[in-house]
Number of protein chains: 2
Amino acid sequence: MSTRTGRPPRLSRARIVAAARELIETHGVQALTMRRLATELGATPMAVYHHVPDKDALLLLLLEEAAATAVRPSLPADPRARLIVAARAMRDILAPVPWITEVLTADDLLSPEALWYPEAILDAAMECGLEADRAVHAYRSIWYYTAGEILIRAAADRRRSRDDRPPFREQVFADIDAEQFPRLAAVADRWAELTAADTYEQGLRALVAGLLAGVG
Amino acid sequence: MSTRTGRPPRLSRARIVAAARELIETHGVQALTMRRLATELGATPMAVYHHVPDKDALLLLLLEEAAATAVRPSLPADPRARLIVAARAMRDILAPVPWITEVLTADDLLSPEALWYPEAILDAAMECGLEADRAVHAYRSIWYYTAGEILIRAAADRRRSRDDRPPFREQVFADIDAEQFPRLAAVADRWAELTAADTYEQGLRALVAGLLAGVG
DNA sequence: ACCTGAACACCGTTCAAGT
DNA sequence: ACCTGAACACCGTTCAAGT
């Protein structure tokens with residue numbers, strides 16, 4: 001038992017992680033820089049480095065915290081319904097914090113806390129009749145679809161909120177050649193509306209139906 | 001008709017775009033910086049700005065060029081097969097140049113030249129019996145799945161090639177609690193192998209089957 | 001018109017030093 | 001142990017000037 005001496009530390013991992021999350025949630029992932037974080041904490045950049053090895057490690061801490069505090073859904077008994085519910089829950093938790101998915105894809109970082117979701121999906125898929133290998137492949141397909149939806153939607157939102165000028169897409173669609181691209185031309189003026197609709201579950205159900213076709 | 005006078009320009013849009021592509025293809029997207037590009041061209045950063053408004057505009061030029069030079073597949077007559085072929089072609093073209101997908105999601109940039117792919121997919125989906133709205137939603141689902149696959153795979157490759165230390169995932173899987181996560185524990189040692197397999201088309205076929213279920 | 005040089009306002013991270 | 005200050009090697013972009 002060592003008696004603490006000296007000044008009490010002003011910084012701590014907990015304070016740093018809290019400030020980092022605050023920064024990301026109010027100003028976006030790109031606002032999280034070691035220097036800005038230090039300023040927010042009233043310290044020098046190097047004071048942060050004394051508590052956290054580097055920026056990657058900080059992102060990992062953020063990830064673990066988010067996964068640990070996430071509320072998990074109660075799963076239905078029917079395995080097919082369970083598969084849908086678990087995937088949807090994973091997406092609903094990640095969607096409001098797209099930076100997590102950005103980190104997950106960018107660095108193959110995976111919090112131990114987050115394993116609950118692949119476990120639930122794998123388990124449901126196997127109970128639906130898929131053998132282990134096919135269940136893993138099914139999980140991968142669902143993860144591709146889910147991560148894609150979150151990343152694309154987040155990028156679109158970011159652009160919409162940040163941008164001065166109208167999206168480049170509008171100009172492309174305005175100039176579209178109806179002879180060459182008749183299908184696109186026909187829906188061009190409704191594109192924004194159609195892509196704004198939340199069709200995640202629709203697509204997920206289609207994917208799951210296709211993945212489970214011919215089994216169970 | 002103005003007669004050109006003065007020194008011939010050393011830089012040009014074409015030279016800049018070519019050097020940028022070279023830089024990306026040999027060193028990755030993150031290596032494309034205006035300063036490094038200028039150095040590569042033997043000029044100052046500002047010389048580049050004289051030919052291209054900013055970095056976003058440069059990425060757009062790169063995109064247009066890639067889409068314009070891409071080889072398009074011949075499409076089968078059967079609309080369902082056509083849907084698969086068009087989506088696969090889109091993915092096969094984007095997979096070796098994942099930075100394009102990163103740009104596409106990050107900035108909603110869309111080259112007029114690239115419209116061929118959504119047009120082909122939309123057309124095939126509608127010939128399969130989907131009405132316009134559902135066809136657009138189907139295209140979106142396919143794009144989420146495709147972009148997700150490309151981005152996640154590219155990120156994994158990047159990490160694998162760059163990294164000194166083994167992926168964090170390995171450590172997480174080594175420490176896995178078999179009581180709490182039995183399904184994951186059972187496949188943990190084969191996870192890398194299973195996720196390395198190219199299951200894009202398998203997942204695509206499942207997704208398309210699900211999207212087209214009950215029509216046509 | 002085409003390009004240079006210096007500057008501004010940033011990054012992540014290291015190194016040496018202070019208490 | 002905990003933190004500061006200065007520095008290194010970078011960014012994208014602007015401004016003023018040269019030919």
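A polar contact here is a pair of N or O atoms within 3.5 Å. Keep that in mind for one residue, B:His51. A polar atom in the side chain of B:His51 sits 2.6 Å from a phosphate oxygen of DNA strand C.

Good morning. One caution before the rest: this is a predicted model.

How many residues are around it? There are 20, and the nearest are A:Arg35, A:Met46, A:Tyr49, B:Arg10 and B:His51. Note the letters in those names. Residues of chain A and of chain B are both on that list.

Now look at the phosphates of DNA strand C. B:Arg10 reaches a phosphate oxygen with a backbone N or O atom, at 2.6 Å. B:Leu11 also uses a backbone N or O atom, and its distance to a phosphate oxygen is 3.1 Å. B:His51, as I said, uses its side chain.

What part of DNA strand C faces the protein?

The top contributor is H3(A), with 3 residues. Sorted by class, this surface has 10 nonpolar, 4 polar and 6 charged residues.

Next, DNA strand D. It has 20 residues around it, and the closest are A:Arg10, A:His51, B:Arg35, B:Met46 and B:Tyr49. Of the atoms of DNA strand D within 4 Å of the protein, 50% come from sugar and phosphate.

A polar backbone atom of A:Arg10 is 2.6 Å from a phosphate oxygen of DNA strand D. B:Arg35 goes to a base instead: a side-chain N or O atom lies 2.5 Å from a base nitrogen.

The elements giving two or more residues to this surface are helix H3 (45-49) of chain A, plus helix H2 (34-40) and helix H3 (45-49) of chain B. H3(B) gives the most, with 3 residues. By class, the surface near DNA strand D holds 10 nonpolar, 4 polar and 6 charged residues.

On to the fold. Chain A has 12 helices and 0 strands. Of its 216 residues, 48% count as buried. Now take the contacts in chain A between residues at least 6 apart in sequence. Of these, 70% join residues at least 24 apart.

What sits inside? The largest nonpolar core has 145 residues. A:Leu37, A:Leu58, B:Leu37 and B:Leu58 touch the most other members. Take B:Leu58. Skipping residues up to four places away in sequence, B:Leu58 touches B:Ile16, B:Val17, B:Ala20, B:Leu32, B:Met34, B:Leu37 and B:Val52.

Now an arginine, B:Arg91. It lies in helix H5 (residues 79-94) of chain B. Is B:Arg91 buried or exposed? It counts as buried, because its relative accessibility is 6% and the cut-off is under 20%. Its contacts beyond four places in sequence are B:Thr146, B:Glu149, B:Ile150, B:Asp198 and B:Tyr200. One more distance: B:Tyr117 is 26 residues away along the chain, and the two C-alpha atoms are 10.0 Å apart.

Last topic: the contact between the chains. The size of an interface is often given as the accessible area lost when the parts come together. Between chain B and chain A, that buried area is about 5600 Å². Carbon and sulfur atoms give 66% of it. In chain B, the residues losing the most area to chain A are B:Tyr144, B:Ile152 and B:Arg183. Together they make up 13% of what that side buries. The contact takes 62 residues from chain B and 61 residues from chain A.

That's my tour. Thank you.

Terms used. Residues numbered from 1 in each chain as written. Chains lettered and ligands numbered in written order. Predicted model: local features only at pLDDT ≥ 70, side-chain atom pairs only at ≥ 80, totals over all residues. Heavy atoms only, no water. Near = heavy atom within 4 Å. Polar contact = N/O pair within 3.5 Å; in protein donor to acceptor, adjacent residues only side chain to side chain. Helix = DSSP H or I, 4+ residues; strand = E, 2+ residues; numbered from the N terminus. Nonpolar A, V, L, I, M, F, W, Y, C, P; charged D, E, K, R; others polar. Core = buried A, V, L, I, M, F, W, Y, C linked by side-chain atoms within 4.5 Å. Buried < 20%, exposed > 50% of the residue type's maximum accessible area, 1.4 Å probe, protein only. Contact = heavy atoms within 4.5 Å. Buried area = accessible area lost by both parts, 1.4 Å probe.
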